[in-house]
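Biologist: Please show me the model first, and then let us examine the terms used to describe it.

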Amino acid sequence: MRQPTASGERLQKVLARAGFGSRRACELLIDGGRVAVNSERVTLGSRVEASDRITVDGVPVITDTNLVYYLLHKPVGVVTTVSDPQGRRTVMDFVGDRPRVFPVGRLDYDTSGLLLLTNDGELANVLTHPRHGVFKTYVAEVEGDPSPAAIRALRNGIDLDDGITAPARCRVLGRRDSHSIIEIEIHEGRNRQVRRMCEAIGHPVVQLSRSRIAELRDAMLPVGAIRALEAQEVRALYAAGLREPKSSESNR
Ligand code: URA
């Protein structure tokens, strides 16, 4: 247990400013033993310095106001890089004069959907490291009508040229003419993975969009629009990343 210090700012005030509710609500969090400073549980009356690392339920509290988080609905025909030698539109063209950020992970030139941009290297690492197992959800329009066995194969793992894919969650959402709409959730970030998986079961992707990053979704965000994340959305991303995947979650 960390001993209270005389200097610094009151912890409940810092937590309230970071979006954890009223100071009273923050006192209850501290009193409930859910708050740690530099990995040590703290009691009411604690004060913190700007350099202290605060966590609530093990999830980092973002106190650095220089850290920014944006969600972009990336259109098709845009590259997920900071600059493009071929002069194509990049995701940075949507950032405008906001603080300098970088994309977390990658969506293909011909894939649309949700893309996170931030200058928080720790969150980027948490979300992209395969060990953390953060699921990203895609909606793919594929040619034909995948059989139950083909969907099972997507779930169980596909033998691609760079190895067998990890268990995925997959379900058929519907049919459109001679195409099917499938939802697929993966936690690896291999190059063109969803396209290659669908190709491997004989149902090439016609259109691909990312609809969710862990629990983060925004069906109302228009294509090409960008918005700042709410504090609780950032926390939820951290929480999802820091939670190891459970075996019961590895399939459905
Ligand atoms: N899988 C793909 O095939 N493409 C993407 O952009 C993302 C995942």
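This is a predicted model: local features need pLDDT of at least 70, side-chain atom pairs count only at pLDDT 80 or more; totals for chains, interfaces and linings use all residues.

Biologist: What makes β2 and β5 paired strands?

Modeller: A strand is a DSSP run of E with at least two residues, and a helix is a run of H or I with at least four, numbered from the N terminus. Two strands pair if DSSP finds at least two bridges between them.

Biologist: Why are β3 and β6 said to stand at the edges?

Modeller: The open sheet has four strands in the order β3-β2-β5-β6, paired antiparallel. β3 (40–41) and β6 (59–60) each have a single partner strand, so one side of each lacks a neighbour in the sheet.

Biologist: Why is S39 called exposed?

Modeller: Exposed means over 50% relative accessible area, buried under 20%, and partly exposed in between, with a 1.4 Å probe and protein chains only. S39 has 73% relative accessibility, so it counts as exposed. S39 is in the loop between β2 and β3. Its phi is near 70°, positive although the residue is not glycine. Most residues other than glycine have a negative phi.

Biologist: How do you know that the buried residues of α2 line one face?

Modeller: C26, L29 and I30 are the buried residues of α2 (residues 23–31). Seen down the helix axis, they fall within an arc of 95° (taken from the directions from the axis to the C-beta atoms), so they line one face. The face turned away carries the exposed residues R24 and D31. The buried residues pack against α1 (11–17), β2 and β5.

Biologist: What makes a set of residues a nonpolar core?

Modeller: Its members are buried Ala, Val, Leu, Ile, Met, Phe, Trp, Tyr and Cys residues joined through side-chain atoms within 4.5 Å. The largest core has 32 residues, of which L117, L154, I184, V194 and M197 touch the most other members. A second, separate core of 20 residues includes Y69, L71, L123 and A240.

Conventions: Residues are numbered from 1 along each chain as its sequence is written. Side-chain values use heavy atoms; hydrogens and water are left out. Contact means heavy atoms within 4.5 Å.
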